[in-house]
Amino acid sequence: SLPNLTAILPHATFDNPALDQAKAVLRLVFINVHTENARSDQVIALVDTEKPDIVVLTEVDARWMEELKPLSAGYPHRIEAPQEDNFGIALWRRIPVARGWVVWFGEAGVPSIEADFLHRDRLITLIGTHPVPPVGPAESRLRDRQLAAISAKTILLEGPVVVMGDLNTTPWAPSYRRFCSGGRVK
């Protein structure tokens, strides 16, 4: 009868490999919102559609944080470092974190976020970052030093590490190759 089914169903387990596989997936989304962009509705729609577990946003300022408030209910765990330049950053997640904080890598003075969280009983570290663009020799050095510091940090961490962000480099650039070869980043 229906009353019996409603009492049993919440405690029932089903041998469904597809369901187990779906639970194994960790959905991550990175978005550089571009500070001057006025289309917060598109960012909200993307997050609503994709339903990631973790969202890393760069180039967020106070206006962006205000306009993205409709997402707050779905992402109760947040680390935010909005800035009025193009280097604000935020990490929003559905899943709780063990630890999370704003960090600075290199000498550029731009914030990054480091967070540890559990997924399927494994501790994973996520680093969200946005180095300065290499518009000249000085900025290229600042970017390269930030990437090198992040790469060095990944060597010190136990367990899986995910680095997400607008790295302001390309896969064929020497800075990116050094970044990948200097740490555990693949």
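Author: Two strands pair if DSSP finds at least two bridges between them. Helices (H or I, at least four residues) and strands (E, at least two) are DSSP runs, numbered from the N terminus.

Reader: How many bridges join β7 to β8, and how do the two run?

Author: Five bridges join them, and they run parallel. Strand β8 covers residues 161-165. This is a predicted model, where local features need pLDDT of at least 70, side-chain atom pairs count only at pLDDT 80 or more, and totals for chains, interfaces and linings use all residues. Residues are numbered from 1 along each chain as its sequence is written, and side-chain values use heavy atoms, with hydrogens and water left out.

Reader: What stands opposite methionine 164?

Author: Glycine 128 does.

Reader: Which unit do β7, α5 and β8 make?

Author: A right-handed β-α-β unit, with α5 spanning residues 137-156. Right-handed means that, with the strands pointing away from the viewer, the path from the first strand over the helix to the second runs clockwise.

Reader: New topic. Which residues of α3 are buried?

Author: Ser40, Val43, Ile44 and Val47. Buried means under 20% relative accessible area, exposed over 50%, partly exposed in between (1.4 Å probe, protein chains only).

Reader: Why are they on the same side of α3?

Author: Because they cover an arc of only 100 degrees around the axis. The arc is taken from the directions from the helix axis to the C-beta atoms.

Reader: And what covers them?

Author: The cover includes β1 (28-32), β2 (54-58) and α4 (62-67).

Reader: What about the largest nonpolar core, how many residues has it?

Author: It has 16 residues, and Leu57, Leu68 and Trp92 have the most contacts inside it. Such a core is a set of buried Ala, Val, Leu, Ile, Met, Phe, Trp, Tyr and Cys residues joined through side-chain atoms within 4.5 Å. α3 gives the most to this core, with three residues.

Reader: What is tryptophan 92 in contact with?

Author: Leaving aside neighbours within four places in sequence, its contacts (heavy atoms within 4.5 Å) include Leu57, Met65, Leu68 and Tyr75.

Reader: Switching to loops. Where is glutamate 59?

Author: In the loop between β2 and α4.

Reader: Is glutamate 59 buried or exposed?

Author: Glutamate 59 counts as buried, at 7% relative accessibility.

Reader: And aspartate 121, buried or exposed?

Author: Aspartate 121 counts as exposed, at 77% relative accessibility. Its place is in the loop between β6 (111-119) and β7 (122-129). Phi of aspartate 121 is near 65 degrees.
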